[in-house]
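Biologist: Hi! I'm new to this one. Could you walk me through it?

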Amino acid sequence: MSDVVFEIKNLYAYYGDHCVLNDINLKIRSKRITAIMGPSGCGKSTLLRCLNRLNDLIPDFSLKGQILFRGQDIYRISNLTEYRRRVTMVFQKPNPFPMSVFDNVAYGLRIHGITKKSVLREKVEEALRKAALWDEVKDKLKKPAVQLSGGQQQRLCIARALAVEPEVLLLDEPTSALDPIATTKIERLLEELAEQYTVVIVTHSMGQALRISDEVVFLYEGKLIEYGDTSVIAKTPKHEVTRQFLTGKIG
Amino acid sequence: MGQGVIALRWTLRIITYAVFAIMVLTLAIIVVSGLPHFFRPGFFTEWPRRAMSEGGIFPMLIGSLMLMALVFEVSIPVGLIGTIFLSEIAPRKLSMVLQSLAATMNSVPSIVYGVFGLSFFCVRLSMGTSLISASLTLSTMSIPFFMNSAVEFLRAVPKELREGVIALGASKLQATLMVLRASRNGVLTSLILTLGRAFSETAPILVTGAVFYTTKLPVRLTDPVMTLPTSIYAIVMNLGEESQWMAKGMASLMVLITIGVYFLVQLMRRNQRE
């Protein structure tokens, strides 16, 4: 089996008439951290949201081209909810559900049909451990999730995503609303998770991309400028815009 | 600071106090003038007798409550579905048009609803002067009011929450349930306000379901009903001095209930903020 999880072919995306992604061709590999990077408005979030078809919710959004997930066109799959379970997403702003810590993590399990209490308890604990949150919340499982700190909330959202046993974890600037300590915790966590999961992270911070990613995708004004091994691109960018971004001249 | 500014400031202050004093006095006079009658034996538990000059307000109170229960049963499902449609399903333009329509319906005078109910429910649908006609008429008025208020609470739920649910592989329906869960306090507030308003409306039921006097409580939906606001109107307009105390007692009760409703709403808003 090839280690390519996503293959994106000639992808164009539009909001109304406005073209936000322009002829993207890209492969995302299994069990690595791929960072999508670029200045604001370059289309990086749109690209990420295409991967689990979240843009379907936006009126006026349209798309051309193909996204293959393990060889299968994701815009032709029949079971979208099952697909979204396999390719799940964590957002920029922590978005805990208005319920307890436990129920937040159990939510995804419940909607996918797991109701047995002992199984739920086991899987919730496992997910919270994976998200490095268990020790901090094991005594507050019944407390409302909004009472956790911002960083804890974001790890809770990661735990919630992991609980449904996905293959891919998409993260849209997951640390931009967090302080440096919480950010470091999440970055370490992502590095651990990449041993088991394919991680795709959109980040505005170049430092973050360099610290944690194996591969980096650089977008500029809706176009893919270059992509490949992070350390290679960091040292020897092929394109002038990448160089300018790396040196902080644009961003 | 010039003397003119000081004078202006004091003038504004005095006007404000005066306005508040008038409002408080109005409520106080109504409550105080009716309150002593609460303690008459049988005020809440007896039927009125001798052209409403003796007895109590039992059938009016029960009638009003029955009406509220029916309005509740009709407005909640319909209003909630409408609210969900406006906030979660309808395309933005359609939603805007529908919402301004609902806002317009809020400013239609209530007697117009009464006349509509009379010609549509009572006559066209042959429901007659009845509990069902009155409650449907009141619901026609309450639903847009409820939707207008509740939809704002649904819209205030951040987009990230909906997306978070969908991103886990949930259906649109499950996302909508999550939105309702997140806005439940606000929706409940809208509901209480709606019922509070329907409770005190007089004109729409005056011509569709309320009667001045009946000898029994309504047992079927097609029976007419006595209610608090319409009985106040009837007593004040038609009866002599010896019956006015009953109108005062009912008015006092209604004001107290309304104050209670708003107090409850404030309490819930405070809880929501915490």
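Modeller: Happy to. Let's start with helix α7 (residues 180–193) of chain A: its 14 residues reach 20 Å from first C-alpha to last, close to the 20 Å expected at 1.5 Å a residue. That expected span is 1.5 Å times one less than the number of residues, and helices are DSSP runs of H or I with at least four residues, numbered from the N terminus. This is a predicted model, where local features need pLDDT of at least 70, side-chain atom pairs count only at pLDDT 80 or more, and totals for chains, interfaces and linings use all residues. Residues are numbered from 1 along each chain as its sequence is written, with chains lettered from A and ligands numbered from 1 in the order written.

Biologist: Which residues of α7(A) are buried?

Modeller: T183(A), I186(A), L189(A), L190(A) and L193(A). Buried means 20 or more other C-beta atoms within 10 Å of a residue's own, and exposed means 12 or fewer, with C-beta atoms placed from the backbone. They sit on the same side of α7(A) because they cover an arc of only 125 degrees around the axis.

Biologist: And what's on the face turned away?

Modeller: The exposed residues P180(A), I181(A) and E192(A).

Biologist: Switching topic: how many residues does each chain give to the contact between A and B?

Modeller: Chain B gives 16 residues and chain A gives 22, with contact meaning C-beta atoms, placed from the backbone, within 7 Å. On the chain B side, α6(B) gives the most, with 6 residues.

Technical notes
Helix = DSSP H or I, 4+ residues; strand = E, 2+ residues; numbered from the N terminus. Arc of directions from axis to C-beta. Contact = placed C-beta atoms within 7 Å.
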